[in-house]
Amino acid sequence: MLGIIAAVLFFVSFLINAADLSTNDVFSSTNVMLLGLMALALHVAGIGAGWSRRR
């Protein structure tokens with residue numbers, strides 16, 4: 001799930017950068033990209049990967 005969120009955040013970051021939109025400092029292309037990297041790192045670490053049964 002976090003991998004999908006990361007992909008969406010990267011796409012939004014790309015659109016902001018490609019369209020050269022002027023946004024405020026909080027919602028800049030770099031900050032959205034860093035949120036995507038954080039979600040991707042959590043996904044790779046196994047957080048939010050879904051339910052698993054341990055035996």
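This passage describes two helices, α1 and α2, and the way they pack in a predicted model.

Local features are reported where pLDDT is at least 70 and side-chain atom pairs count only at pLDDT 80 or more, whereas totals for chains, interfaces and linings use all residues. Residues are numbered from 1 along each chain as its sequence is written, and side-chain values use heavy atoms, with hydrogens and water left out.

Helices are taken as DSSP runs of H or I with at least four residues, numbered from the N terminus. Helix α1 (2-18) has 17 residues and reaches 24 Å from its first C-alpha to its last, close to the 24 Å expected at 1.5 Å a residue, where the expected span is 1.5 Å times one less than the number of residues. Buried residues (under 20% relative accessible area, with exposed being over 50% and partly exposed in between, for a 1.4 Å probe and protein chains only) in α1 are Leu2, Ala6, Ser13 and Ile16. Seen down the axis of α1, these buried residues fall within an arc of 85°, so they line one face of the helix; the arc is that of the directions from the helix axis to the C-beta atoms. The face of α1 turned away from the buried side carries the exposed residues Ile4, Phe14 and Ala18. Just after α1, Asp20 takes a positive phi of about 55°.

Helix α2 comprises the 17 residues 29-45, and its end C-alpha atoms are 24 Å apart, in agreement with the span of 24 Å that 1.5 Å a residue should give. Its buried residues are Ser29, Val32, Gly36 and Ala39, and, seen down the axis of α2, they fall within an arc of 90°, so they line one face of the helix. The exposed residues Val44 and Ala45 are carried on the face of α2 turned away from its buried side. Just after α2, a positive phi of about 100° is taken by Gly46.

The axes of α1 and α2, which are lines fitted to C-alpha atoms over the stretch in contact, with angles running from 0 to 180 degrees between N-to-C directions, come within 8 Å and cross at roughly 165°. That makes α1 roughly antiparallel to α2, a term applied to angles over 145 degrees. The crossing is left-handed, meaning that the near helix is turned anticlockwise from the far one by less than a right angle. The buried residues of α1 pack against α2, and what covers the buried residues of α2 includes α1, contact being defined as heavy atoms within 4.5 Å. Residues of α1 that meet α2 include Leu2, Ile5, Leu9, Phe10 and Ile16, and among the residues of α2 that they face across this contact are Met33, Leu35, Leu40 and His43.

Ser13, which lies in helix α1, is buried, with a relative accessible area of 7%, and, leaving aside its neighbours within four places in sequence, is in contact with Ser29, Val32 and Met33. Asn17, also placed in helix α1, is exposed, with a relative accessible area of 54%, and its C-alpha atom is separated by 8.6 Å from that of Ser28, eleven residues apart along the chain. Asn31 lies in helix α2 and counts as partly exposed at 31% relative accessibility. Not counting residues up to four places away in sequence, Asn31 touches Asp25 and Val26, while the C-alpha atoms of Asn31 and Ser13, 18 residues apart along the chain, are separated by 8.3 Å.

Terms used:
Parallel < 35°, antiparallel > 145°, perpendicular 65-115°, else oblique.
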